[in-house]
Amino acid sequence: MAREGRRQRAEKTVLPGNVTDDFLSLGDFLERGSFSFRCVRGLEVRPLDVRIISPPHHLSAGRKVTLECESTGSRPRAVMTWWKGSQKIQTGNEVISDNGNLTLSTLSFVPNAEDHGKKFTCTAKNPSLPDSLIEDTRTITVHCK
């Protein structure tokens, strides 16, 4: 194989939103042409999934319970919000995985008889992307003593 006229070009560009575009071109590397590679990092991605993963639907009045909700896929990480019916409630504690792909939000509270039949909703949204909000809802049953 002839390697005459070999050209290389490398570029690194930082685009809006901290997107990094790395480009490498190797011209005439092979006898029949050239090829190039492009790697784009930092793209904004909407959440792919959100799920309330615990507890069971049946709770006991007066006993503390922790709801857990996980979201995957968002880049940057999803912002998680909890709702009781149509009322926004305190933001839960969040844990983010090492690779940033999974966000886990926990909400602890003590249910009472008035919470019976209420819908608890967990939402996940990428704040950088309009219309990226997704949600999961669970209706709870509260057993009174």
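Predicted model: local features only at pLDDT ≥ 70, side-chain atom pairs only at ≥ 80, totals over all residues.
Is K84 buried, partly exposed or exposed? With a relative accessibility of 26%, K84 counts as partly exposed.

## The bridge between D115 and K84

The structure contains three salt bridges. In one of them D115 pairs with K84, and the closest N and O atoms are 2.6 Å apart. This pair links distant parts of the chain, 31 residues apart: K84 belongs to strand 7, while D115 sits in the loop between strand 10 (102-109) and strand 11. D115 counts as buried because its relative accessibility is 2%, under the 20% limit.

R51 forms a salt bridge with E70, with a separation of 2.4 Å between the closest N and O atoms. R51 lies in strand 4 (residues 49-54) and E70 in strand 6, so the pair ties together parts that are 19 residues apart in sequence. E70 is buried, at a relative accessible area of 15%.

R51 also forms a salt bridge with D49, where the closest N and O atoms are 3.2 Å apart. Both R51, at 40% relative accessible area, and D49, at 29%, are partly exposed. Through shared partners, D49, R51 and E70 are joined into one network of salt bridges.

## Backbone features in two loops

The peptide bond leading from R75 to P76 is cis, its omega being near 0°. P76 is found in the loop between strand 6 (65-72) and strand 7 (79-84).

D131, a residue other than glycine, has a positive phi, near 60°. The loop between strand 11 (119-125) and strand 12 (134-139) holds D131. D131 is exposed, with a relative accessible area of 72%.

Note on methods
Residues numbered from 1 in each chain as written. Heavy atoms only, no water. Helix = DSSP H or I, 4+ residues; strand = E, 2+ residues; numbered from the N terminus. Buried < 20%, exposed > 50% of the residue type's maximum accessible area, 1.4 Å probe, protein only. Salt bridge = Lys/Arg side-chain N within 4 Å of Asp/Glu carboxyl O.
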